[in-house]
Amino acid sequence: MSDLFEKYEGKLPKKVLVELKEATKGLKSPEVKKTLERVYGEFVANKAVPGEAVGIIAAQSIGEPGTQMTMRTFHYAGVAELAVPQGLPRFIEIVDLRKEPSMPVMEIYLTDSIRKDEEKVIAFAERLENVPLSDIATVEEDFAKKRITITFNEMRLNEHGLTVEDAIKKIEKAVRRKAKEKKDNNLVFEPGFNTLRSLRKFVDRIHETKLCGVKGIRKAVVLQEHDGSGWYIKTDGSNLAAVLKMAEVEPSRVYTNHIREIEDVLGIEAARNAVLIEAKAVLDGQGLKVNPRHVMLVADVMCYDGQVRPIGRQGVSGSKSSVFARAAFEETVKHLHAASIKGQKDMLTGITENIIIGQTIPVGTGLVKLGMKQGK
Amino acid sequence: MEGASVYLNGKLIGFHNKPTELVENLRRKRRAGALPHELNAAYYAENDEVYINTDAGRARRPLLVLENGKLKLTQKHIEELKADKIGWKDLLNEGVVEYLDSEEEENAYIAVREEDATPEHTHVEVHPSLMLGVVAACAPFPDHNSSPRVTMASAMLKQALGVYQSNYALRMDTQSHVMHYPQKPLARTKHAEIIGSNDRPAGQNIVLAIMPFGGYNMEDALILNKASVERGLGRTTFYRTYTAEERRYPGGQKDRFELPKPEIQGYRGDEAYRFLGEDGIILPECKVDGGDVLIGKTSPPRFLEEVGELSMIEEKRRENSVTLRPSEAGDVDAVIVTEATTGNKLVKVRVRSLKIPEIGDKFASRHGQKGVVGMIVPQHDMPFTENGITPDIIMNPHAVPSRMTVGHVLEVLGSKAVSLEGEDFLNATAFDRLDYGGLKKMLLKHGFRHDGKEVLYNGVTGEKIEAEIFIGVCYYQRLKHLVSNKIHARSRGPVQILTRQPTEGRAREGGLRFGEMERDTLIGHGTSMLLLERLLKESDIVTELICEKCGTIAVDDQIRKKQYCPICESTNVKPIEMSYAFKLLLNELKALNIRPKVVLEDKA
Ligand SMILES: [Zn+2]
C-alpha cells in the first residue's frame with residue numbers, strides 16, 4: 001500500500017498525499033491505485049501551463065470586474081457608526097497596504113465559559129472600550145493661577161464601571177503628579193509650570209488620558225453569533241496583540257482586518273491569508289466572481305520575500321530586478337541614475353524589458369526554444 | 001435693534017418695523033414705474049430679514065403679474081400687442097409682467113396656468129414650457145419623452161446640418177455644412193418659431209416606417225431609400241477654408257505667394273502645382289484632390305548662414321505651400337485675396353465638396369433617436385403601402401420601448417395626420433396639451449387607421465407583411481458626423497522623425513495605436529511572436545551594429561567599406577535588430593552621462 005503512495009511522492013504535493021492517505025483508509029489496493037491515478041490526472045490537468053502569463057491574466061481577471069465596483073460605503077447593520085469602506089476604496093487600501101486601514105475592525109469571540117451569557121459579554125465589551133478622560137469629565141484650566149480643575153461626571157463614570165478613586169489613581173499615574181486637592185467630584189492640579197506652553201501641554205496630556213479599555217479600541221458592540229449559539233464583539237479600532245493576551249478571549253477565533261497588525265503578531269503566512277481573505281471579501285461583497293487563484297497570486301506576490309509589501313512604487317513594482325522595468329513604471333530618471341551609479345546589469349529576464357529592447361518575451365511561444373544535439 | 005434687518009445688495013443698511021409693508025411698497029412702486037424694474041425685494045419671515053437687490057449678475061425670469069386672482073394682462077393688451085402698438089417694454093413698465101430673481105421668487109406663489117390661478121396666487125407663468133432651455137424647447141413634445149432623451153435631443157439639434165447662416169455664400173468659415181433642400185418641420189414649437197429656426201431649418205420631413213429590415217437596421221441603424229437619396233434627401237455641401245499669409249520675418253525677409261520653381265527646397269513636383277495661376281493662387285472651380293497645392297508659397301530659409309557662396313544674397317528659399325487635406329477632395333468654390341490686420345497679403349481659398357448620404361452617416365430625429373445609415377436600398381426593394389408609398393427611412397422598433405420616446409411616436413402620428421389634412425403644421429410645443437383625439441379623427445377621415453399602422457408589402461417578394469407597420473411622417477436631421485470625414489486606414493505611411501514610430505491621427509495618415517492594454521492581451525495569450533510583430537516589426541525596427549568588445553553602437557563606413565567601433569576601434573561588430581526607440585534611449589542615456597553597454601550573447 002505505502003509503495004503506491006511512494007510512487008507519487010514529488011509528483012503530488014505532500015499535503016495532498018497526507019489527505020489522500022487519510023481518506024483512502026480501509027480501501028483495497030486496486031481502489032487506492034485508481035483513486036491516486038484519478039487525483040494525479042486532475043492535478044496535472046489543473047496546473048497552469050508552462051509559460052502561461054499568470055500575472056497578466058490575474059491582473060486582467062481582477063481588473064476587468066473591478067471596473068464595475070461601486071464607490072458606495074455600506075454601513076454595518078446594527079453597528080452604529082461603523083462605516084467600513086467597501087469596494088474599490090477598500091481594495092486599493094489592501095493592495096496599497098496602508099499603515100492603518102481607514103476603518104480597522106475586530107471580531108472578538110470569547111471562551112465558552114462566558115460567550116453564551118449576554119450580560120457577561122456586554123460587561124467584557126465595556127472593558128474593551130477605550131475611554132478618554134474628556135468623555136467622563138470636564139477639564140477647566142485657569143491660566144492665571146496656573147491651576148487645572150477636573151470635574152467628574154458620575155453618571156458617565158458608572159456607565160464604564162469606574163469609581164472616582166480609580167479615575168484619580170489612573171490620572172495621577174498618567175501625568176506622574178499628585179493632585180493638589182481632592183474634593184467630592186473635583187480634582188485640582190497645580191503642576192507648577194511657569195510657562196504657558198508647558199501648562200497647555202499638560203492639559204492636553206490630561207485630556208488624552210485613557211481611563212480604561214484596550215488601546216486603539218474606540219468602540220465595542222455586542223452581536224449575536226450567526227448560529228445563535230452565543231455573543232461576540234465587534235470593535236471599531238484594532239489591537240490584536242493586546243486582545244489575544246486577555247484570558248476571556250478565544251484566541252483561535254479572533255479576527256482583525258488590519259493586515260499589518262496580523263503580520264506583526266502572527267507572521268507572514270497569516271498575513272498572506274489576511275490579504276487573501278480581505279481581497280476576496282471585497283470582491284464577494286460587490287458580487288464579483290473572480291477565481292480565488294488570481295487573488296492568491298496577488299497575495300503571494302505581496303508576501304513572498306518574508307514581509308508584506310504593497311503593490312506599486314513603494315513595493316512590488318518599485319523593487320523589480322530589471323532596471324528597464326522599473327524605469328518604465330515610474331520615476332524613470334531616478335531609477336536610471338541609481339542604476340548607473342551602482343553599475344547595474346539588466347539580465348533581460350522579464351517581459352517589459354524585452355519589449356523595450358525589441359526581443360521576444362519569455363512567455364508563451366517566446367519561452368520555447370529548439371535545441372540540437374551536436375556530434376555523432 | 002428692533003425690527004427686521006434690511007440688506008441692500010448683501011450689505012446691512014438698517015432695520016424696519018414693518019418689513020411686509022416695506023417690501024410691498026417697493027414692489028408697488030416698481031410696478032408703477034417709480035423704481036427700476038431690475039430691483040427685487042424679498043422678505044424672509046423665518047429670519048426676519050429683508051433682501052433688496054439691484055446689482056448685476058442675478059438670474060431673473062419674467063412672470064405675468066396677478067392681482068386678486070386676476071391677470072393684469074388684459075384682452076386690450078393682447079390686441080395692441082398683435083397690432084404692434086405696444087411691446088414687451090410697455091408691459092414691463094405697466095407692471096403687467098415683471099422679472100423675479102431667486103430671492104423674490106421665494107415670496108411668490110406662481111400658478112402654472114391662468115386657469116389654475118386663485119386669489120392666493122401672485123403670478124402666472126408666461127408659459128409652462130419656459131422651464132426648458134431654448135434648445136430643449138425647440139424639440140417637439142419634450143414633455144412626452146424621458147429626460148435623458150430630451151438631453152440627447154438637445155445635444156443633437158446643435159449638430160444638425162441645415163442653413164446655418166443665410167449669408168453662407170459670402171462667409172469664409174473654417175468649416176461649414178449647408179443643406180440643399182431644407183424643410184420646415186411639420187411638428188413645430190413656438191420656441192423654434194421665435195428664435196427663427198424655422199427660417200433657417202436643419203432637416204427634412206420624411207416618411208418613416210418603424211420595422212426591422214433584414215438585420216441591416218439593428219443596433220439603431222437606419223435604412224435609407226435610394227430613390228429618396230437621389231432626389232436629395234439629406235444632401236449637403238461641405239465647405240472648408242484654407243488660409244495663407246505672406247508673413248514677414250526679422251531681417252526684412254518675407255513669404256512670397258508664387259509658383260514655386262523646381263530648384264526650391266521641398267519642391268512637390270509639377271503635378272501638384274498644375275492649377276496655380278501666375279500669382280501662385282489657385283483658380284475657382286478647379287477640381288482638386290488630396291495633396292494638390294491651393295496656394296503656392298515660398299518662405300525664406302530658417303537659418304541666415306545658408307546664404308550662398310561668393311556672398312551672393314541669392315537665398316535658398318523653401319517650399320511652404322498650402323495643400324488640400326490628404327483625405328479630402330472637391331472643387332474650389334471661392335478665392336479671396338485681401339489684407340490681414342498685420343498689413344500682410346492674405347489669401348483664403350474655400351473648397352466645396354458634395355456630401356451625399358452614404359452608409360455610416362449619422363441621422364437623428366428630434367427625440368434623441370440617433371442612428372447610422374446601415375443600408376441604402378433601391379426603391380423597388382423597399383416595402384410599400386396599399387397606396388404605393390415607400391418609406392424614406394426605416395427605423396428599428398427596438399429603439400423605442402426601452403427609451404420611452406413617446407414624443408417620437410406622437411410626432412410621426414401627428415405629422416401624418418396634419419399632412420393628410422393639409423394643415424400648415426402641428427403644434428408640438430411642450431405642455432401645450434396635444435389634441436390626440438383630433439389627430440385620430442383626421443386620420444380616420446382620410447381613410448387611415450387611427451393608430452397610424454398600415455398594411456405593408458415586402459418590396460422584394462411582394463408578399464404582405466404579417467404585422468401592421470407603424471408608418472408616418474417625421475422630421476429627420478442629418479448630423480455633422482460624416483463617415484467621409486472620418487474614415488481612415490493605413491498599411492504603410494509616414495513615421496515620426498524622433499522615434500521613427502508611425503505618426504498618429506487621420507490628418508497625418510497615422511497608424512492605429514496598439515496601446516498598453518492591447519499589449520497586455522497579447523502577453524496574456526502568450527503570443528510572443530505576434531507581439532513582436534506589432535510592437536517592433538510593424539513599427540520602428542532598425543538594425544544597429546554593436547561592438548562585441550565594448551558594447552557601444554558601432555559605425556558603418558560605407559565609403560571605406562569598413563565597420564568598426566568608434567570607441568575601441570575593434571572591427572568585431574555584430575548587426576542587432578532592436579527598436580529605434582531603444583537606440584534613442586541608449587543615446588539619451590549618453591546625454592545624461594550614463595554609458596550603457598550592450599552585452600551580446602548567442603541566443604540559446
Ligand atoms: Zn568597442
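1. The zinc ion is coordinated at 2.2 to 2.3 Å by the SG atoms of B:Cys547, B:Cys550, B:Cys565 and B:Cys568, where donors are N, O and S atoms within 2.8 Å of the metal (3.2 Å for Na, K and Ca) and water is not among the atoms, so sites may look incomplete. This is a predicted model, in which local features need pLDDT of at least 70 and side-chain atom pairs count only at pLDDT 80 or more, while totals for chains, interfaces and linings use all residues. Residues are numbered from 1 along each chain as its sequence is written, and side-chain values use heavy atoms, without hydrogens and water.

2. The angles among the four donor atoms run from 103 to 118°, and the site of the zinc ion is tetrahedral (four donors with all angles between 85 and 135 degrees). The spacing of the donor residues in sequence is C-x2-C-x14-C-x2-C, and both B:Cys547 and B:Cys550 are buried (under 20% relative accessible area, with a 1.4 Å probe and protein chains only).

3. The second largest pocket is lined by 40 residues, and A:Asp346, A:Leu348, A:Ile357, B:Val598 and B:Val599 lie nearest its centre. A pocket here is an open set of points on a 1 Å grid where a 1.4 Å probe fits, with protein on both sides within 12 Å along at least five of seven lines, and lining residues have an atom within 4 Å of a point.

4. The lining of the second largest pocket comprises 21 nonpolar, eight polar and eleven charged residues, with Gly counted as polar and Cys as nonpolar.

Notes:
Chains are lettered from A and ligands numbered from 1 in the order in which they are written. Four donors count as tetrahedral if all angles lie between 85 and 135 degrees; four count as square planar and six as octahedral if opposite donors are over 155 degrees apart and all others between 65 and 115; anything else is irregular. Buried means under 20% relative accessible area, exposed over 50%, partly exposed in between (1.4 Å probe, protein chains only).
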